[in-house]
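Q: I am new to this structure and would like a close look at a single part. Could you take me through it step by step?

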Amino acid sequence: MEFAKRMEQFGEGVFSRLAEMRKNRVAEGKEVFDLSIGAPNIPPAKRIMEVMAKAVMEPKNYVYAINDTQEMLQAVAQWYQRRYGVTLDADTEICSLLGSQDGLSHIALSILDAGDVMLVPDPCYPIFADGPRLAGAELYYMPQKKENDYVIQLQDIPEEVAKKAKFMLVSYPNNPTAAMAPESFYHELVAFAKKYDIIVLHDNAYSELVFDGRSWGSFLSIPGAKDVGVEFNSLSKTYGLAGARIGYCLGNSRVVSMLKTLKSNMDYGMFLPIQAAAVEAITGDQSVVAETRAAYERRRDVLCDGLIAAGWQMDKPPGTMFVWAPVPEQYADSESFVRDLLDKTGVLVTPGSAFGPSGEGYVRMALVQSEEDMQRIVEAVKQSGIFA
């Protein structure tokens, strides 16, 4: 058998290796505290589940969805106006995604041809780079360095690279570094994109998970942003709907139109009961958003404060559901530390090398365990003596 040459770019994924490590430890009868995958474990509000359950029992909802319902599109437009102060045309500036992961791969196919230059953050969530790779693009990594608070320095992108670039992706609050960019960065981003005629995608999946009284908005609220690009948003973390796969592409009508055209040839739209749940999530009682944010903030405090006290020096993240922590100096690389940490404590985290060249030397921890389990993790690390 012969397969597509594009598959030669993808070896065994790091998350598959982590899953195997977890499986082997469990098979030995040992406990695993899994902080490796950012899978939200806070369920949706009961009202959202009830709306979906009722819609699931309607026989008429089992047809192909084909298009987004007007009810959902209008609800999304109202959500963006209410929450972010952004005005959107429901018919031309909004497109649903079967989750941001799906959208991140598809949008690259709708914009990039083989050999086109794509600007991606480094480190970054893997699909940020993998989607463009599937499209045959050449990647230029934009470093996110600690000395710059992990904010991309647009002025450091070489002129010859900027002139060739066709598409760029940025994301704050950021996965994996948890960094937040100042508003000035977005004004610079719009000017940069206009100067070099680059399409921008801003991934805003963590806009509601910001801590210590901070607030976050939308890229689309910046003057000129809709002229140059789009934003992705997701209901996975904010409303506990990760498995339902609900995301949106919003903004520039030409970009949205091309993505809609591509998707019309690749899928049959979002299951109608899921669309109903999405409408309920973003139009109903929003107290669940604050409750979810507070839960992640408490988990962050228990984990970070405890690990810092145990001798693991790290910065407490200002947002997201992740902690980006340095690997102790005695370890040659992040993956060897991950293995040792699991062996000595039962705590499974993700090596920073999984997120690109600049990720080496760090690990990412997901805040996906209860406060009680976070305390148990802290105790396990303390007792291991790994940071003594």
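Which unit do E3, helix H5 and E4 make?

A: Happy to walk you through it. This is a predicted model, in which local features need pLDDT of at least 70, side-chain atom pairs count only at pLDDT 80 or more, and totals for chains, interfaces and linings use all residues. Residues are numbered from 1 along each chain as its sequence is written, and side-chain values use heavy atoms, with hydrogens and water left out.

Together, E3, helix H5 (residues 126–134) and E4 form a right-handed β-α-β unit. Here helices (H or I, at least four residues) and strands (E, at least two) are DSSP runs, numbered from the N terminus. Right-handed means that, with the strands pointing away from the viewer, the path from the first strand over the helix to the second runs clockwise.

Now look at the two strands themselves. E3 covers residues 117–122 and E4 covers residues 138–143, and they pair in the parallel sense over six bridges; strands pair if DSSP finds at least two bridges between them. Within this pairing, proline 121 stands opposite methionine 142 in E4.

For 388 residues, a compact globule would have a radius of gyration near 21 Å, and the chain agrees with its 21 Å. That radius is taken over C-alpha atoms, and the globule rule is 2.2 Å times the number of residues to the power 0.38.
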